[in-house]
Amino acid sequence: MITVEVPAKVNVQLGVGGLRADGFHDLANVFFAVALGDRVTAAPGAGVTLTCAGPDAALVPLDDSNLAARAARLLAAHHGIEPDVRLHIDKAIPVAGGMAGGSADGAAALVACDALWELDTPLETLLELAAELGSDVPFALVGGVALGRGRGEILEGLPVSGTFHWVFAVADGGLSTPAVFRECDRLREEAGTGSTEAEVPTPDADPALLAALADGDPVALAEALANDLQAAALSLRPSLADTLRAGTEAGALAALVSGSGPTCAFLAKDAEAAEAVGRALTESGTCRAAHVTHGPVPGAAISAPRP
Ligand code: C5P
């Protein structure tokens, strides 16, 4: 049996360009991997079977729409072999939460099946297969901090120093990523700026944000955090404003919606401050749960099986 640990992500910058003809948006997407992760195991089986455990397991689809199952089939098809595997997901990443949990499971399944089937697929190929599965899947393979261009799948690793401390407030119920992108387009149309590729300037990584990451400076990073999807997520889920406020009032350096939401991310000065923000958020009644964690951490990697 192979066990793979895989991180969730927060976007420390999510610059969203105009709507492309293929239905995607060009991004300047600075991914940051955090130590809030899923664990995916792959064991010998007949065909692809999938099970899931964890507090949100009931929300995870176990059919072929699950990215872990799709990853197993895609890798097997690429090598012309039968996809025989029993996959199990230990789910800690919020489901439909804007932290790329489904993408993480897809990346973990690629790594786990590759090892189980002894395929030794080059990383380049795994990254190509990952991009076929979804825009956020390649990043879950590499982890750390990376700039994602295109629809987020063209990755460039970024220099980063030290450890940053985060708190994630999980909401009741998820948000659909396509719906949040559509709402972003609608808000742009409403504001009169237009929403197409021709109308919206191509986003770029913010030099101040890149410097803050390279310097390991949480105060500077807090000032530079930016998410172009935040207004859309707040428009669809106005109550997130209360969550964001509760975290900043508790001493977070900054608060933002994680990706397409509804999970909210809070950057803290240090581990102690993060614990305090986590406690305050739990007591605030503005979220279902608060997770204190840190990053960056590596991408999907094989680990020892649980004792
Ligand atoms: O690539 P993925 O399957 O994760 O994308 C889900 C949906 O999110 C897309 O179908 C699209 O509606 C939206 N999306 C987008 N631009 C991106 C990434 C995702 O519009 N760069």
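Tutor: A polar contact is a pair of N or O atoms within 3.5 Å. The structure is a predicted model, in which local features need pLDDT of at least 70 and side-chain atom pairs count only at pLDDT 80 or more, while totals for chains, interfaces and linings use all residues. Residues are numbered from 1 along each chain as its sequence is written, and side-chain values use heavy atoms, with hydrogens and water left out.

Around the ligand are G23, F24, H25, L27, G134, S135, R151, T177, P178 and F181 (a residue is near a molecule if one of its heavy atoms lies within 4 Å of it). Sorted by class, this shell has four nonpolar residues, five polar and one charged; here Gly counts as polar, Phe, Leu and Pro as nonpolar, and Arg as charged.

For G23, a polar backbone atom lies 3.5 Å from a ligand oxygen. At R151, a backbone N or O atom is 3.0 Å from a nitrogen atom of the ligand. The ligand taken alone exposes 450 Å², of which the protein buries 74% (areas by the Shrake-Rupley method with a 1.4 Å probe).

The shell may also be read by element (DSSP runs numbered from the N terminus, helices of at least four residues and strands of at least two). Both β2 (25–43) and α5 (177–191) supply at least two residues of the shell. The most comes from α5, which gives three residues.

Conventions
Polar contact = N/O pair within 3.5 Å; in protein donor to acceptor, adjacent residues only side chain to side chain.
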